[in-house]
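Visitor: I am new to this structure and should be grateful for a guided look at one part of it. Please take a single residue as the starting point, and then widen the view to its surroundings and beyond.

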Amino acid sequence: MNSQDIFAIVTRHAQEVVPGLENHQFRPTESLKDLGANSIDRSEIVMMTLDSLSLNIPLVETVKATNIGELVNLLHARL
Amino acid sequence: MPGSESSPILVTGVGVTSAIGQGKAGFIEALLNGHSNFAAMKRPGRQYRPEGAAEPGAGATRFLGAEIPSFEVPDIVPRTVVRTASLSGQVALTTLHEAWNDARLGDVDPARVGLVVGGSNFQQRELTLTHETFRGRLPFLRPTYGLSFMDSDVCGMCTEVFGIRGLAYTLGGASASGQLAVIHAIQAVESGQVDVCIALGALMDLSYWECQGFRAIGAMGSDVFANEPERACRPFDKRRDGFIFGECSGAVVVERASTASRRATDPYARVAGWGVQMDANRNPNPSFDGEVSVLQKALAKAGFAPEAIDYINPHGTGSSLGDTTELRAIEHCGLKHAYLNATKSLVGHGLSAAGAVEMVATLLQMRARRLHPMRNFDEPMDDSFNWARQPVDHAIQRAVKMSLGFSGINTAVCVERL
């Protein structure tokens, strides 16, 4: 699985959790927070992504990411 | 101090969601037409299916009940809330929305509005489904479970969506929870803690575990009508063999006439009296003394002679001993002349919601000047009471609503036409 696949998974889950992102053109430089996800929403999106990837790592490891691109890179490195 | 102490306490709004209708208009129409919706329950998590067993294979359950076929969550509820809300939460938001608009609460200072949610452990089916989904992969449990497993999450959602800031808490009183919530809402207004208080009986979302438990303890029917679900729910009938569950939720808005008159409200009734008493008994058995006590307390507080009561909405679950005990208490209190019917015969037993839903049924019958019929009342256990077996025109003047719960909880509330 490459970074683009992971990016697609993250953004798909972001669309499920945050209303109004159905037609949004996501960019790696955008942060989930700026897209309207509160802290609970962000943890949901990350957990749904980890579940989709069958990647069992502590949530806390993902909080270092400041935008979607960094999150994708961080997850990709742990696969 | 808001409101004058002598200003009467009124019900100014109601909301209801049930298996026979969403909203007060549809609900009273269904009640008066004797509609019901009993079947083998189908909602995921309501029946146990042993792994690999074909339905209805060995070990599979077939619990009966009345499930809400569909309901519309109002647009005011953000989708992000709906996504993570339990069925109980979604139905609470829907029911509260109706009551909120009915009482025109949009113009009331949010700091002066309270919410008491009747019920405890009412999201059991959602918990069971979550446990099944994440069994063996615990690390992927959704973080929102940390919020949503608590019943108080429903208070959080409701206060956020409607901006309520006065007070909000859940209140557990088994099957009397809904009416206990009504009583606490009355007391919150009476004490001046808030100007307006909403009592909401939460939808009890049973999983197969609770159904099995209720069957095992002998509370939930039906052995007699296992293959005829539409005949199983029969309060006060000779062939009753326990309660039949019904999904529902009801909301009642109470406030003093002095605050209600500042808005264009159309009050349903005056809350005249109420009574609560415990039996000092952990078990599910009813108590004649406890029931007599709350009937007498409610009448005394209202200042009503028994003969002034012209309608009783009983607890009437279809339990063998429960129905017998309740009729004895009603007769003992000199209330045998009053009309009575059994709302549960049409709606089913809403457990935590029952007291609130049946208070709504009482108020809507009062307004309709007509009483709803009873279903499956083929052989009355006692023909000498004034049963509303068929729909009957009757302008209720003064009613008493009984609501009882496991662990020796007795409650009664009197309401009077304005």
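Guide: A helix is here a DSSP run of H or I with at least four residues, and helices are numbered from the N terminus. The model is a predicted one. In chain A, helix α3 covers residues 68–78, and A:L71 lies within it. The relative accessible area of A:L71 is 5%, and because buried means under 20%, this residue counts as buried. Setting aside residues up to four places away in sequence, A:L71 touches A:V10, A:L32, A:V46, A:T62 and A:A65. A:S31 stands 40 residues from A:L71 in sequence, yet their C-alpha atoms are 9.4 Å apart in space.

The view may now widen to chain B, which has 14 helices and 17 strands. Its radius of gyration is 20 Å, close to the 22 Å that the globule rule gives for 418 residues, so chain B is as compact as a globular protein of that length. The C-alpha trace of chain B spans about 65 × 50 × 40 Å along its principal axes. Of the 418 residues in chain B, 61% are buried. Among contacts in chain B between residues at least 6 apart in sequence, 80% join residues at least 24 apart. Chain B exposes about 15,600 Å², and carbon and sulfur atoms supply 49% of this area. Chain B carries 39 positive and 43 negative side chains, with the centres of the two sets 1 Å apart.

Helix α7, residues 177–190, has 14 residues and reaches 19 Å from its first C-alpha to its last, close to the expected 20 Å. α7(B) is mostly covered, with eleven of its 14 residues buried; among them are B:L180, B:V182, B:I183, B:I186 and B:V189. After α7(B) comes B:G192, whose phi is positive, near 85°.

Helix α12 of chain B, residues 320–332, has 13 residues, which at 1.5 Å a residue should span 18 Å; its end C-alpha atoms are 19 Å apart, which agrees. An α-helix has 3.6 residues a turn, so residues three or four places apart point the same way. In α12(B), the buried residues include B:G322, B:D323, B:E326, B:L327 and B:I330. The buried residues of α12(B) pack against helix α11 (288–302) and against β11 (311–313), β12 (339–340), β14 (386–387) and β16 (398–405) of chain B.

Terms used. Residues numbered from 1 in each chain as written. Chains lettered and ligands numbered in written order. Predicted model: local features only at pLDDT ≥ 70, side-chain atom pairs only at ≥ 80, totals over all residues. Heavy atoms only, no water. Helix = DSSP H or I, 4+ residues; strand = E, 2+ residues; numbered from the N terminus. Rg over C-alpha atoms; globule rule 2.2 N^0.38 Å. Buried < 20%, exposed > 50% of the residue type's maximum accessible area, 1.4 Å probe, protein only. Contact = heavy atoms within 4.5 Å. Areas by Shrake-Rupley, 256 points an atom, 1.4 Å probe, with all protein chains shown as cover. Lys, Arg positive; Asp, Glu negative; His and termini not counted. Charge placed at Lys NZ, Arg CZ, Asp CG, Glu CD. Expected span 1.5 Å × (residues − 1).
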